[in-house]
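This report describes a structure with two chains in plain terms.

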Amino acid sequence: MSVDVTTESAGRDSTAGDYRPALSERLGRWVFYIPVVFMLLFFALPMALTVVFSLFERTMFWMEPAITFKAYENFFFSARLENFLDSMYYSSIAVLICFVFGFPIAVFLRKSVPKVAQHRVILLFILPFMVSEIIRIFALRPVLQRNGLVNTTLLELGVVDEPITALIYTHTGVIIGEVLSFLPFIVFAGFLAMEAVPKYIFEVCDDLGAGPVNRFIDVILPLAAPGIFAGCVFIFVNGIGVALLPNILGGPGAVNAGLIATQAITALDFPLAMAVSAIMMATLMSLLYIGHRIFDLTKVLAPIN
Amino acid sequence: MKQMEFNRRQLMALMGSAAVTAGLPGTAFAQSKALKFWAPGIARVGEKDWSTMMQQAGIEIAAIAKSARADESIQKMVVGDGNALYDAMTDNGGGMEDALASQDAIVELDVSRIPNWANVEDRYLEGGAAADTIRYDGKVMAIPYISNADSLAFNHDVIGAEPDTWDVLFDEQFKGRAALQNDFGPTLTNTAIYLKQTGKQDIENPSDMSEAEVKGVCQFLIDMKKKGQFRTFWDGFQNGVDLLASEEVLVASCWEPIQIVAGRKSGKDIRYGTMKEGHQSWNNIVMLTRGGKERGMEDSFYKLADVYLSTWFGARTLAGLGFTPQMKGVVEYVETETEAFDADTRAQIKDRLARKKERLAVPGNAWQNVFPTQIRAYQDWWARVQAA
């Protein structure tokens, strides 16, 4: 009897209307949820906790559950807000400089370097990133300081009579550090963005008699705008967030949001540090939202599609 | 409520990561018999890999680098899982031992297990001037291993004078060539000593200022900062050395080893003065963590503590980095150790000790206070100085 039952059920399984997908196929469907889980675990949850902790009450060494806006009050009604706005201003200057120097490199790579060599050339921009960020930034000191490489060279060439002291321990020093640290990001983003500009566009522009300026402003820039915007946001956010830069290259008054948060932690004011982080994230999200509304940032990934 | 209770119960439970963060390193370390020692490089003499210290103490040491920031100790030992990570640690005396002991992060010491305790400076004995810096509720919680009175380092080659007042740090002739330490403890205390002794501000106790006094000191610094007096606020040993050695700054309030290394590195005549207004005095202490005791690391700890109170260590830390030894008999010891200390080094040791004695004798000196009564005011106003 048992043999009959097995045979019968085996026969039912084999019918076309009762198809069960293979295990790998069933698991495959869930793979698409991994990015969602990742975003929830490593972005949404930490961000939610950051906001929650920013509302806690500060204690002597830590904090305790409460709903208070003291940390935000501490941020918005002190020199910290001014510092934050200043760091946004100086970071914007760094973004502009990075764009002026970096984007033409990306255009040149796409336009003039043979396709087979393009990725090898772009690799050259990745190599400096194999060195720790703190070492790269710290290494700028002997270059920029009073008796550093730049000043020594300028003095020996007779270009200046006195060392230029504005190169380090000033806002200028921080901007130099930001440009040298983050320039590759605009090159990468620009390189990716230029995928959206077919090579024949250059020829068409030439045929129609459009000069380099018109070609750049009227054709290349609008097409590559989403990628450029993404690169600029990346540099901007790093500029206001990386505490190392003002800490190592900045002088008195050179304070960015990252350094404000670090200083809050040093003062054991954890709710304030959380509030600064939350404000930074809100700034980033707002920028991305505005950028998406204007440029449709999904186009950044269009070349991959 | 102890801060640790909240931390464990709510934060770690919420994050669900207590097992990962505390368990993994704890398990890895548990298999080692080495004393897990959280200490800065200045806590060792001899070879840079701690081998000389291990040989002298007769124990294995797994050293973990530590900064001089007080908040780091609190974050690790009170908020974080420092007791799972470290058997012993160092920090500033005169406040940190109280904070850590009040949170059960460190344990009481049995000084009878440290033979060289008999040799410790008298000021650390009960009733002595520095007795409180190693005690909590009358119990010995730490042993001292170095101390000093912080002063002004200056580039004698350029200045051509021997300043004896903090005035030079705030003098317009050094505008943009002066630096202060990026730490509210020494910077506010030394500035308060200067303002008090010169009659510029009415300050009762520079070590433990009222909120109004802190505000006054910080506003003075903010005014100076806005005028462009300070080139930067140095952070960390190497930064301090670089600033002096590269002549970015000509005068800086700093640790004595910074002046010594900057002078050696640059070959310039960088000196350390004695300020007539006074200095912030401080010490560094070694503590046994609760976790260290629970893991049975007491024997190793006491052997290391014995080395720290030996003239062997005291003479070497003085000769190498210029820190004040915490035990008696260092001069006599170096006189007998002529092979280890040549005539020049012996003379240098005597000279340094004499200058230290001179600095320590200045009436306006104030002891470092890691956790002053109005610490919130200190922190908040210091943040404004930084942000100004």
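A residue is called buried if 20 or more other C-beta atoms lie within 10 Å of its own, exposed if 12 or fewer do, and partly exposed in between, with C-beta atoms placed from the backbone. By this rule, buried residues make up 34% of the 305 residues in chain A. The model is predicted: local features need pLDDT of at least 70, side-chain atom pairs count only at pLDDT 80 or more, and totals for chains, interfaces and linings use all residues. Residues are numbered from 1 along each chain as its sequence is written, while chains are lettered from A and ligands numbered from 1 in the order in which they are written.

**Chain A as a whole**

Chain A has 15 helices and 2 strands; helices (H or I, at least four residues) and strands (E, at least two) are DSSP runs, numbered from the N terminus. Along the principal axes, the C-alpha atoms of chain A fill a box of roughly 105 × 70 × 35 Å. The radius of gyration of chain A is 27 Å, whereas a compact globule of 305 residues would have one near 19 Å. That radius is taken over C-alpha atoms, and the globule rule is 2.2 Å times the number of residues to the power 0.38. Two residues are in contact if their C-beta atoms, placed from the backbone, lie within 7 Å. Among contacts in chain A between residues at least 6 apart in sequence, 72% join residues at least 24 apart.

**Where the chains meet**

The contact takes 26 residues from chain A and 27 residues from chain B. On the side of chain A that touches chain B, the elements giving two or more residues are helix H5 (79-112) and helix H14 (257-266) of chain A.

Pro252(A) sits in the loop between helix H13 (244-249) and H14 of chain A. Is Pro252(A) buried or exposed? Pro252(A) is buried, because 25 other C-beta atoms lie within 10 Å. Not counting residues up to four places away in sequence, Pro252(A) touches Lys225(B), Phe230(B), Thr232(B) and Phe233(B).

**A strand of chain B**

Strand S1 (residues 35-39) of chain B has 5 of its 5 residues buried. Leu35(B), Phe37(B) and Ala39(B) lie on one side of S1(B), with Lys36(B) and Trp38(B) on the other. In a regular strand the side chains alternate between the two faces of the sheet.

S1(B) pairs in the parallel sense with strand S2 (residues 61-65) of chain B over 5 bridges, and also in the parallel sense with strand S3 (residues 88-92) of chain B over 2 bridges. Two strands pair if DSSP finds at least two bridges between them.

Asn119(B) lies in the loop between helix H6 (96-102) and strand S4 (135-136) of chain B. Asn119(B) is partly exposed, because 18 other C-beta atoms lie within 10 Å. Leaving aside neighbours within four places in sequence, Asn119(B) is in contact with Leu309(B), Met327(B), Lys328(B) and Gly329(B). The table gives two pairs.

| Pair | Apart in sequence | Apart in space, C-alpha to C-alpha |
|---|---|---|
| Pro252(A) and Tyr169(A) | 83 residues | 7.3 Å |
| Asn119(B) and Gly329(B) | 210 residues | 8.0 Å |
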